[in-house]
Amino acid sequence: MAHKVRRVALVGASSQIGRALLPRLAAAGVSSYRIGREPAPDGADPVSVFDEQRACFTPALDGADAVISLAPLPTVATVLKMAKVLGAKRVIAFGST
C-alpha cells in the first residue's frame with residue numbers, strides 16, 4: 001500500500017523553484033515546512049534552519065513524510081541527515097553542482 005505524503009520539508013524554499021512549488025503543494029493538500037537561508041518573500045511562514053552539528057532545526061519541526069531538496073547536490077549528505085531527524089521515508093533531491 002502506498003504511503004500518502006501529507007507533510008514535506010522543502011529545502012531551498014526561498015529559491016525560484018521553491019516559491020513556485022509551495023502553492024502547488026498546498027493545492028494538493030500537502031503541508032510544508034520551509035527550510036532555507038532567507039525568510040519567505042510573503043512572510044507567511046517561518047523558515048527553519050538545520051544545525052548539522054546538533055542535528056536539529058530552529059525553530060523545531062514536528063516530522064515530515066518526505067524531504068524535497070532544491071539545494072546544490074553536494075549538500076545531499078546534509079539533506080539525508082535532515083530526513084533522518086524528521087523521520088522522513090522519502091527524499092527527492094535535485095539541483096546543480
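Predicted model: local features only at pLDDT ≥ 70, side-chain atom pairs only at ≥ 80, totals over all residues.
**Notebook: strands, cores and salt bridges**

I started at Val67, which stands opposite Val91 in strand E6. Residues are numbered from 1 along each chain as its sequence is written, and side-chain values use heavy atoms, with hydrogens and water left out.

**Strands**

My labels are DSSP runs numbered from the N terminus: helices (H or I, at least four residues) and strands (E, at least two). I call two strands paired if DSSP finds at least two bridges between them. E5 and E6 (residues 90-93) run parallel and are joined by four bridges. On E1, I found parallel pairing with E5, again over four bridges. Leu10 stands opposite Ile68 in E5.

Then I asked myself: are the faces of E5 covered or open? Both faces of E5 (residues 66-69) are covered, with Ala66 and Ile68 buried on one side and Val67 and Ser69 buried on the other. Buried here means under 20% relative accessible area, exposed means over 50%, and partly exposed is in between (1.4 Å probe, protein chains only). I reminded myself that in a regular strand the side chains alternate between the two faces of the sheet.

**Cores**

Next I looked up the nonpolar cores, meaning sets of buried Ala, Val, Leu, Ile, Met, Phe, Trp, Tyr and Cys residues joined through side-chain atoms within 4.5 Å. The largest has 14 residues, and Val67, Met82 and Leu86 are among those with the most contacts inside it. Strand E1 (7-11), strand E2 (31-35) and helix H2 (76-86) each give two or more residues to this core. H2 supplies the largest share, four residues. I checked Met82 for contacts (heavy atoms within 4.5 Å). Leaving aside neighbours within four places in sequence, Met82 touches Val11, Ile35, Phe50 and Phe57.

A second, separate core has nine residues, including Val8 and Leu25. Val8 sits in strand E1 and counts as buried because its relative accessible area is 3%. Beyond neighbours within four places in sequence, the contacts of Val8 include Leu25, Val30, Tyr33 and Ile68. I also noted that the C-alpha atoms of Val8 and Leu86 are separated by 9.6 Å, although the two are 78 residues apart along the chain.

**Salt bridges**

How many salt bridges are there? I counted three, taking a side-chain nitrogen of Lys or Arg within 4 Å of a carboxyl oxygen of Asp or Glu. Side chains of opposite charge can pair when their charged atoms come close.

- Asp62 meets Arg7 at 4.0 Å, N to O. This pair links distant parts of the chain: Asp62 is in the loop between strand E4 (56-58) and E5, Arg7 is in E1, and they are 55 residues apart. Asp62 is exposed at 62% relative accessibility, whereas Arg7 is partly exposed at 29%.
- Asp51 meets Arg54 at 3.4 Å, N to O. Arg54 is exposed, with a relative accessible area of 57%.
- Glu52 pairs with Lys81, the closest N and O atoms being 2.8 Å apart. Glu52 is in the loop between strand E3 (47-51) and E4, while Lys81 is in helix H2, 29 residues apart.

Last, I looked at Leu73, in the loop between E5 and H2. Leu73 is partly exposed, with a relative accessible area of 35%.
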